[in-house]
Amino acid sequence: MPQKHDVIICGSGSAGLCAAVWLARHGMTCKILEKRPGPMKMGQADGVQCRTVEIFESLGLSEDLLREAYHVLEVAFWASDESGQLVRTSQAADTAPGLSHMPHVILNQAIINRFFLEDMKKTNGQGVDYGYSVKSVEVDGEKAGDDSAYPVRVVATRDGKDEIMEAKYVLGCDGAHSEVRRSLGFKMVGDSTDTIWGVMDIYPRTNYPDIRKKATLRSKFGNLMIIPREGGSLVRFYIQLPAGTVVKAVKLDDLHNKARQIFQPYNMDFAETVWWSAYAIGQRLADHFSKDNRIFLTGDACHTHSPKAGQGMNVSLQDGFNIGWKLAAVLQGRAPPSLLKTYNIERERVAADLISFDRSWSKLFSSQTDGTNGHTAQYFSEQFIKGGKYTAGLTARYDDSIITSSESSRSDLAKGLTVGMRFPSAQVVRFCDAKAMQLVRALPADGRWRIIIFAGSVGDERGVERLVKLASFLASEKSPVRRFTLPNADIDSFIEPIVIFHGKRVEMEQEQIPEYFWPVTGKWGMRDLHKTFVDDESYNSGHGHAYEKYGIDAKEGAVAVVRPDQYVSLVTSLDDHEGLSRFFEGFAVQP
């Protein structure tokens, strides 16, 4: 009899492991098939954008990441001057201040994956089955509509023996040469250019002053980008190679010699080269991302592009972050299988935007240095800075679906929030203990939905009255909280309320907050006082000005529904009780 699994993940890259972490945290194990004999030891990806660090924060894994990583704070721009001399033309913040409370960092993908592997093992003993080569994946279309069926058949080889497995769902996370994609007959559509780049991780001996900064060099001898690596000494070079270069003919000496040439008049020698490669820039997109709502492609299996914008591991990981919580919700019976269709709605557009951005980004990097095509040193640095919000991972916007409703939203109530985009953080002060903290720290990735209530000014009678009515509605039997929370589970286990006031914290008492917002929960049956915050001055960290950042009038307030992955689903008023009900009725399953 074939082994049966709720989920089989083909490949143990960042996308697959991130999805597996979601499942593990919901008490679910999956089968992870990896053709390598063991964990990745040296990954090729290393850029970790701000949004990815935010994701690690939501998973409670950011502290180790930030401690081990190189923090990219500044980018330096170098170019040949009129006499041909290499000079620094400008420098700027790598990520514009205010875009994210988290930095852009550099850390090898093998270490990133290690964090996921350790978390899974600690959570529920989930591991990876190494040494498996996937031979074929197919789905029985007739059974795909049966929620209880295992319609996907996976054949994989290990130690020379074929094993047959059946699954409810399969994730194809097996890279650019995906066997899952090949089995389904899906094609990669796109093209490659004649531009050839080399990349190497090296320990440099040099008198070049910006070797420990992210830097772009556009000299008369060619283009090069510097990415300092973790550890204090390791550095990555991306080097544009001459026109007509054949990838297979590139040797390490070619990269060394070209780098020395570009760095003139500075000395450049190489104590050790840890890893190197050469590639032709190409942008390709799979013609389909899923099959019968049972098999889903993620990461390089469905989108490939150049590495210089630092998007590969990040977009892949975010594919896994997107599909992971949805799979968990469906398998737990909290949401219908139609929820999984939002993966296509959301991530296909993100991938298409990535390919479009990468084409223009690669063209900019490969441009000449003499200004004949309009790409002067000033133009290059301006465009580089302008692309910062995208490269930080903060521009993804999801279209409307059963879990995202801009059409039903009141965007005028919170001008700083965009439905379909990630919920940005701001500093607030927790009411129960006066702790200043980032608001997203109250939204960990634990599968819960949040109703974030901006209740208005402390002591405002109209605001208090509206908040009391909202609490009464949410506590009632007709509310989505009561209807969609499992029997005998904590009242905040599916939909958690978070309340943010504006004004002087010391002018308010706990008893003035409706009891619904400090419910009795947990093993000990204690009141949870950690759901109320104030947009106020803190003792040691200043004022976060959260209402101002979110564009909310303290007299009017607002309500934001935020998904388990921290994306904004709905913005409405404190009085729109029916709107909240309609939204959750659109996808939640009554237990």
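A charge is taken to sit over a ring if NZ of Lys or CZ of Arg is within 6 Å of the ring centre and within 35 degrees of the ring normal. The structure is a predicted model, in which local features need pLDDT of at least 70 and side-chain atom pairs count only at pLDDT 80 or more, while totals for chains, interfaces and linings use all residues. Residues are numbered from 1 along each chain as its sequence is written, and side-chain values use heavy atoms, with hydrogens and water left out.

**View 1. Charged groups over the rings of Trp 518 and Tyr 169**. Arg 527 places its charged end over the ring of Trp 518, at 5.0 Å from the ring centre. In the other pair, Arg 294 lies over the face of Tyr 169, 4.9 Å from the centre of that ring.

**View 2. The salt bridge of Arg 422 and Glu 54**. Side chains of opposite charge can pair when their charged atoms come close. A salt bridge is defined as a side-chain nitrogen of Lys or Arg within 4 Å of a carboxyl oxygen of Asp or Glu, and the structure holds 47 of them. In the bridge between Arg 422 and Glu 54, the N to O distance is 2.8 Å. Arg 422 belongs to the loop between helix H10 (388-391) and strand S20 (427-430), whereas Glu 54 belongs to helix H2 (residues 50-58), so the pair ties together parts that are 368 residues apart in sequence. Helices (H or I, at least four residues) and strands (E, at least two) are DSSP runs, numbered from the N terminus. Arg 422 is buried at a relative accessible area of 13%, and Glu 54 is buried at 3%. Buried means under 20% relative accessible area, exposed over 50%, and partly exposed in between (1.4 Å probe, protein chains only).

**View 3. The salt bridge of Arg 448 and Asp 446, and its network**. Arg 448 and Asp 446 meet through their side chains at 3.1 Å, N to O. Arg 448 is buried, with a relative accessible area of 17%, whereas Asp 446 is partly exposed at 31%. Salt bridges that share partners join Asp 446, Arg 448, Arg 450, Asp 492, Glu 496, Asp 528 and Lys 531 into one network.

**View 4. Aromatic pairs**. Rings of Phe, Tyr and Trp (its six-membered ring) pair if their centres lie within 6.5 Å; planes under 30 degrees apart count as stacked, over 60 as edge-to-face and the rest as tilted. The whole structure contains 22 aromatic pairs. The ring centres of Trp 22 and Phe 321 are 5.3 Å apart with planes at 45 degrees, so this pair is tilted. Trp 22 lies in helix H1 (residues 14-25) and Phe 321 in helix H7 (residues 312-331), so the pair ties together parts that are 299 residues apart in sequence. Both Trp 22 and Phe 321 are buried. Trp 449 and Phe 583 form an edge-to-face pair, 5.8 Å centre to centre with 65 degrees between the planes.
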